[in-house]
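Here's a quick briefing to read with the sequence and the 3D view open side by side.

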2 protein chains.
Amino acid sequence: MPRDTQQIVRALKGRKLRVTPQRFAVYANLLDRTDHPTAEQILDDLNRDAPTSSQATVYSSLQALREVGLVREVLLEEGIRRYDANVAPHHHFRCEACGTIEDIAWDEIHVSVGRLRPGLQVERYEVTVHGRCESCGQ
Amino acid sequence: MPRDTQQIVRALKGRKLRVTPQRFAVYANLLDRTDHPTAEQILDDLNRDAPTSSQATVYSSLQALREVGLVREVLLEEGIRRYDANVAPHHHFRCEACGTIEDIAWDEIHVSVGRLRPGLQVERYEVTVHGRCESCGQ
DNA sequence: CTTTGTGCAAACGATTTGCAGGATG
DNA sequence: CATCCTGCAAATCGTTTGCACAAAG
């Protein structure tokens, strides 16, 4: 369910990215999923019905979107790069059974990172929680 | 500075791993560094002076060590797999400037992961802190 | 002596790159 | 119409695999 087209166009233009159909599609796709897909999954999804974008273009679009801060990379599994259009601070939960990744709202976890050992300047942090999701129960 | 040889041999045997020179070397190397090296860095380090181990062997040793719980994989950067012989629970700090990774003792950070949303069973969690290390100053 | 591990080289999968043609602002 | 982007295919990088030989227990 694509959201407001104008909004996406504005986001891209605002970041000085040319609005090409491919780039638009990649970002729109990411905005409409909460499953943190890999580049390959996005590509497959985009080309499901009709050919929309090439592999190289999806990769370069993701890179561009990441550089301008519209998309972030999520690293929770060995050698797998996932993407997320939710760039607001939040934590992640990963089901050890099925691999599903879910967002955890920032306030759901309380963290107090004092001023660690002297010399380390903290800029940001995030928590990764591992466990079992609802469907994988115990 | 290799630590007690006996200790390493015991650790391997205790996990039912044959004590080969290559496997011993990989684990010893990891025990003696705190920089969370990649497989390639370990390989280079081992073969610095004399050829010690082949690439394939380092990879398979790391996998074996990981399976028996002597080593863990650390994922903090895009597509980079690092290894750590410190398997006790702890957090990580990554300098955004130089990429250095440092361990943060478990008690240095206080986290309260309540029982998130119903259905999610928490097994473990860890915090990743991003910032600047001492040498990269402010 | 049985089983497991090593080394080599080939195979792989994901990501990147070079470049010519096409689209955007 | 200058610049940036796309698509293709080839190149690259880290990791894995198959297999014959060697070593460990």
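Let's start with what surrounds the largest cavity: its lining splits into 4 nonpolar, 2 polar and 3 charged residues. Keep in mind that this is a predicted model.

**The cavity**

- The structure has 1 cavity of 30 Å³ or more, and the volume of the largest cavity comes to about 50 Å³.
- Chain A brings Leu75, Glu77, Gly79, Ile80 and Arg81 to that lining, while chain B brings Leu75, Glu77, Gly79 and Ile80.
- If you'd rather think in strands, β1 (72–77) and β2 (80–84) of chain A and β1 (72–77) of chain B each put at least two residues into the lining.

**The sheet**

- Six strands make up an open sheet with mixed pairing, and the order to trace is β4(A)-β3(A)-β6(A)-β6(B)-β3(B)-β4(B).
- On average, neighbouring strands here are turned by 25 degrees against each other, if you ignore direction.
- Within chain B, β3 (residues 91–95) and β6 (residues 121–132) run parallel and are joined by 4 bridges.
- To find your place in that part of the sheet, look for B:His92, which sits opposite B:Thr128 in β6(B).

**Around DNA strand C**

- There are 17 residues around DNA strand C, and the ones that come nearest are A:Tyr59, B:Arg18, B:Thr20, B:Arg23 and B:Thr57.
- Sorted by class, this surface has 4 nonpolar, 8 polar and 5 charged residues.
- Of the DNA strand C atoms within 4 Å of the protein, 74% belong to sugar or phosphate, and the rest belong to bases.

- For a contact to a base, check A:Arg18: an N or O atom in its side chain is 2.9 Å from a base oxygen of DNA strand C.
- B:Gln22 has a polar side-chain atom 2.9 Å from a sugar or linking oxygen of DNA strand C.
- The elements giving two or more residues to the surface near DNA strand C are α4 (55–67) of chain A, plus α2 (21–31) and α4 (55–67) of chain B.

Conventions
Residues numbered from 1 in each chain as written. Chains lettered and ligands numbered in written order. Predicted model: local features only at pLDDT ≥ 70, side-chain atom pairs only at ≥ 80, totals over all residues. Heavy atoms only, no water. Pairing = 2+ DSSP bridges. Axes fitted to C-alpha atoms, helices over the stretch in contact; angles between N-to-C directions. 1 Å grid on protein atoms, 1.4 Å probe; cavity = no way out; pocket = protein on both sides within 12 Å on 5 of 7 lines; lining within 4 Å. Points joined across faces, edges and corners; volume = space filled by probe spheres on them. Nonpolar A, V, L, I, M, F, W, Y, C, P; charged D, E, K, R; others polar. Near = heavy atom within 4 Å. Polar contact = N/O pair within 3.5 Å; in protein donor to acceptor, adjacent residues only side chain to side chain.
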